[in-house]
Amino acid sequence: MHQALQSLLDLLDLERIEEDIFRGRSRSAVVPRVFGGQVAAQALVAAGRTVPADRMAHSLHAYFLRMGDPGAPIVYTVDRIRDGASFTTRRVVAIQHGQPIFHLSASFQTYEEGMEHQADMPPAPEPESLPTAAEMLPRYADAFLDEGVVDRMLEARAAVDLRYVDVPPWGTVGTPREPRSQVWFRTNGKLADDPLLHVCLATYVSDMTLLDSVLLAHGRGGWAVGDVVGASLDHAMWFHRPFRADEWLLYDQESPSASGGRGLGQARIYTQDGRLAITVIQEGVVRVPR
């Protein structure tokens, strides 16, 4: 297993310090704050560890309340909101320095048969035909604010093989494009068969690129270029069908709206054989620096 993936799995392996109370740590991120995907994934781990193993996560809804401090532990408190015959609901609050920084509600369900339909998978090139991050990112080094950005981005994404279908926002600064973006991703190594682990890793990755489509609509390159500042505000996911995060997943993203200093991203995540696995919606602060 790739060492970076093992480090990420260790990061998600929360310490239980009391009944329904867990402690997590952070690692250095590209920017000096806790990566939103990390705290969302850790909160889902905390929720999942209080739920019977036969109940799978089917949705989460979360708010990012304060910037997280990567140098301090994060305490996750779980409220057992409901334990029904088919559904289980949990609420998780992440706390640092005595204040909540993140709030998550998650719902879990026992497996059952039901009606089936889905949106078709859009066309996309095969992931193996696309450049890796190590091959792609150095091409745009001149666009970034400092030389260290490429190395920090490669380090932050080392646990995941993430490949852009089209040129990323920082590659076409100043040229507005259709607000759509696609990436393929999978973990850099095989994972255990625990379904919660795969859901949590997909949650982790889902916060990496979703607001790219907002930037594309306005020809902006992003925080690393210095032409916008921003942060995630809220995040919602629906898990429709089983999937593996160590197998290729297509993240098809678009932005239907930006206004009031906020941008909205929505996306569908498909397995390589075309099954719709996840729907994601996120709103974030997207501001032009004064």
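**Before you start**

This is a predicted model, in which local features need pLDDT of at least 70 and side-chain atom pairs count only at pLDDT 80 or more, while totals for chains, interfaces and linings use all residues. Residues are numbered from 1 along each chain as its sequence is written, and side-chain values use heavy atoms, with hydrogens and water left out.

**Exercise 1. Trace the order of the strands in the open sheet.**

Step 1. Start with the elements: helices (H or I, at least four residues) and strands (E, at least two) are DSSP runs, numbered from the N terminus. Two strands pair if DSSP finds at least two bridges between them.

Step 2. Follow the pairing across. Twelve strands make up the open sheet, with antiparallel pairing, in the order β1-β2-β4-β5-β6-β3-β9-β12-β11-β10-β8-β7.

Step 3. Look at the edges. β1 (15-18) and β7 (160-164) each have a single partner strand, so one side of each lacks a neighbour in the sheet.

Step 4. Angles here run from 0 to 180 degrees between N-to-C directions, and axes are lines fitted to C-alpha atoms, for helices over the stretch in contact.

**Exercise 2. Find the bridges that β4 makes with β2 and with β5.**

Step 1. Strand β2 (residues 21-24) is joined to antiparallel strand β4 (residues 74-83) by four bridges. Within this part of the chain, Arg23 has Val75 of β4 as its bridge partner.

Step 2. On to β5 (residues 87-96), which runs antiparallel to β4 and is joined to it by eight bridges. Here Tyr76 stands opposite Ala94 in β5.

**Exercise 3. Describe how α1 meets α5.**

Step 1. Take the geometry. The axes of helix α1 (residues 3-12) and helix α5 (residues 195-206) come within 12 Å and cross at roughly 105°.

Step 2. Classify the angle. α1 is therefore roughly perpendicular to α5; angles under 35 degrees count as roughly parallel, over 145 as roughly antiparallel, 65 to 115 as roughly perpendicular and the rest as oblique.

Step 3. List the contacts (heavy atoms within 4.5 Å). From α1, Leu8, Leu9 and Leu12 meet Leu197, Leu201 and Tyr204 of α5.

Step 4. Sort them by class. The contact of α1 with α5 has six nonpolar residues, no polar and no charged ones. Ala, Val, Leu, Ile, Met, Phe, Trp, Tyr, Cys and Pro count as nonpolar, Asp, Glu, Lys and Arg as charged, and the others, Gly among them, as polar.

**Exercise 4. Characterise the second largest pocket and the largest cavity.**

Step 1. On a 1 Å grid over the protein atoms alone, a cavity is a set of points where a 1.4 Å probe fits but cannot get out; a pocket is an open set with protein on both sides within 12 Å along at least five of seven lines, and lining residues have an atom within 4 Å of a point. Grid points are joined across faces, edges and corners, and a volume is the space filled by probe spheres set on the points.

Step 2. The second largest pocket holds about 940 Å³ of space. Among its 27 lining residues, Tyr111, Phe239, His240, Arg241 and Pro242 are the closest to its centre.

Step 3. The largest cavity has a volume of about 30 Å³. Strand β8 (residues 180-187) contributes the most to its lining, with three residues.
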